Amino acid sequence: MVIEQIKVGLDNFSYVIYCPKQMKAAIFDPGYDAPKALEFISSKDLDLKYIIITHYHSDHSSDCQRIKECLPSSKIVASESDGAKLGIAVDITVSDGDRLKLGNIELDFLLTPGHTPGGICIIVNNEALLTGDTLFIGDCGRTDLPGGNLSQMFQTLQEKIIPLPDHLLVYPGHNYGSKPYDRLGNQKRSNKTLLAKNINEFSKIP
Ligand SMILES: [Fe+2]
């Protein structure tokens, strides 16, 4: 499995992940600068299977249609509720616990509401965790935007993220931290939003 982390917009990350044996690829969160991802896909002669949207915000999804038009056999993947807000047709709607195959790579989907009602995180081959705007390096996503919910975010972090294995590499949707990615185990020990013991403590984090 190869993960290409691509800086787009001001501080967003898009990702291209591919299986080097079968050359099948997925792009995650094509918010801006779609040509960067398209050039990478073309330079490696990859077959783009999926365009995966962690949540509907435009900085994660606005170039989705453009990529689909360039590579029309690719399938747009999103959760039901966030997919409905994209303004384009979703080809594959994913729910909590769903799995898709990308060549030899397994993509496991977690529904992680809090930043948006239908935000998702994706475990890639039990090696990486793409977190969109649910978890950043050192922080979590905002809950004060429309659809955001502080108690849902706390529940997501406690019940969906913390139980995951420490070895996973967290790849966030923004370059907000001291490093572009990190082991989940390190984040469990250092990320203030994962260290909060209860909702009261969580709600007081600046
Ligand atoms: Fe967002």
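Reader: In which sense do strand β4 and strand β5 pair?

Author: Strands of a sheet pair through backbone hydrogen bonds, either parallel or antiparallel. Here β4 (residues 47–52) and β5 (residues 75–79) pair in the parallel sense over 3 bridges. Strands (E, at least two residues) and helices (H or I, at least four) are DSSP runs numbered from the N terminus, and two strands pair if DSSP finds at least two bridges between them. Tyrosine 50 has lysine 75, in β5, as its bridge partner.

Author: The model is predicted, with pLDDT of at least 70 needed for local features and 80 or more for side-chain atom pairs, while totals for chains, interfaces and linings use all residues. Residues are numbered from 1 along each chain as its sequence is written, and side-chain values use heavy atoms, leaving out hydrogens and water.

Reader: What is the order of the strands in the open sheet?

Author: The 6 strands run β1-β2-β3-β4-β5-β6, with mixed pairing. β1 (2–8) and β6 (92–94) each have a single partner strand, so one side of each is left without a neighbour in the sheet.

Reader: Which residues lie nearest the centre of the largest pocket?

Author: A pocket is an open set of points on a 1 Å grid over the protein atoms alone, where a 1.4 Å probe fits, with protein on both sides within 12 Å along at least five of seven lines; lining residues have an atom within 4 Å of a point. Cys140, Gly141, Arg142, Thr143 and Asp144 lie nearest the centre, among 22 lining residues. Elements giving two or more residues to this lining are α2 (58–61), β12 (139–140) and α8 (199–203).
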